[in-house]
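Let's take a walk through this one, a few spots at a time. Have your viewer open and jump to each residue as it comes up.

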Amino acid sequence: MKRFKFLAVMMSVVFLGTGLFISCSNDDDSNNGQTAKVSVRLTDAPGDYEAVNIDVQDVLVNRDANDTTEGGWESIGLADAGIYDLLELTGGTTTLLVEGDIPSGRLEQIRLVLGEQNTVVIDGDTIPLTTPSAQQSGLKLNVHEDLEAGFTYDFTLDFDVDQSVVKAGASGKYNLKPVIRVSTEISSGIITGAIAPVDLGFQVLASVQISEEETISAYTDENGTFMLYGVPEGTYTVTLTADEASGLPPVTVDNVIVVNGEISDIGTIDIDAEQVTERSM
């Protein structure tokens, strides 16, 4: 089995006035290679407050660097819009904001839209957090990244509460000026291969069992090749199943190793050979 290092990404950025990211649909069986999977998680560095509540309402994305108008942004939604207490997300705890598929290609900017229910709790008192007027349209982040089709990207947003919550002089008011560290990494690989002979006259389904609830699968194309996208790192058995009408038994390829950011090629598998029911990589 061949493995090709296709992509490896790790990005760490500290920024003031930031944003976040992303989701649409999730359908492994129909993944045609034109989407990238993404997840966005929120976490926090400890702060000297009883609670810091952030009202997350929407996530917008801009793919065109030449269009900075409102028309250049599109809403991609959240898994669960609402209020998040950042201080419940310390010590490595994260919460999922977004998970799903988005079109692959260039990602220029991301914008996190906050509601009006942002508060900080100090000595039992709940104090509103004022968002500066420049950020009321959403907290923006320049990303300028190419999302490669078929891979999974994990974005973790790490709030620095101590720097993000700013007391406004002696007024007793507090402003929210987010300082966030963003880390990005790829958390999946791709399995590819081909079947022979190509002219069977029947469809062949390639699949891997990820868990009891999840299977990633794809049909071979007219050239007999297939690609299984978004496979988490690990060791798998690939099953090649011809249409029942063919009379051919399933063929399995064991010990297929998947590495994040790489393509694992299992080569060409003869599914029409007599006595071939199993092959180990």
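First, some ground rules. This is a predicted model, where local features need pLDDT of at least 70 and side-chain atom pairs count only at pLDDT 80 or more, while totals for chains, interfaces and linings use all residues. Residues are numbered from 1 along each chain as its sequence is written, and side-chain values use heavy atoms, with hydrogens and water left out.

Start at strand S9, residues 119–122, and strand S10, residues 125–130: they run antiparallel and are joined by four bridges. Strands here are DSSP runs of E with at least two residues, numbered from the N terminus, and two of them pair if DSSP finds at least two bridges between them. Across this pairing, Ile122 faces Asp125 of S10.

Now look at the turn itself. The hairpin of S9 and S10 has two residues between its strands, and Asp123 takes a positive phi near 50° there. Asp123 sits in the loop linking S9 and S10, and the positive phi comes without the residue being a glycine. Is Asp123 buried or exposed? Asp123 is exposed, at a relative accessible area of 68%; the classes are buried under 20%, exposed over 50% and partly exposed in between, using a 1.4 Å probe and protein chains only.

Strand S14, residues 174–176, runs parallel to S10, with two bridges joining them. In that pairing, Thr130 has Asn175 of S14 as its bridge partner.

Asn255 is partly exposed, with 41% relative accessible area.

Next stop, a peptide bond worth a click. Ala196 and Pro197 are joined in the cis form, with omega about -5°. Pro197 belongs to the loop between strand S16 (189–196) and strand S17 (204–209).

Finally, go to Thr220, in the loop between strand S18 (215–219) and strand S19 (225–231). Thr220 counts as buried, at 17% relative accessibility. Which residues does Thr220 touch? Leaving aside residues up to four places away in sequence, Thr220 touches Ile195, Val204, Thr225 and Phe226, where contact means heavy atoms within 4.5 Å.
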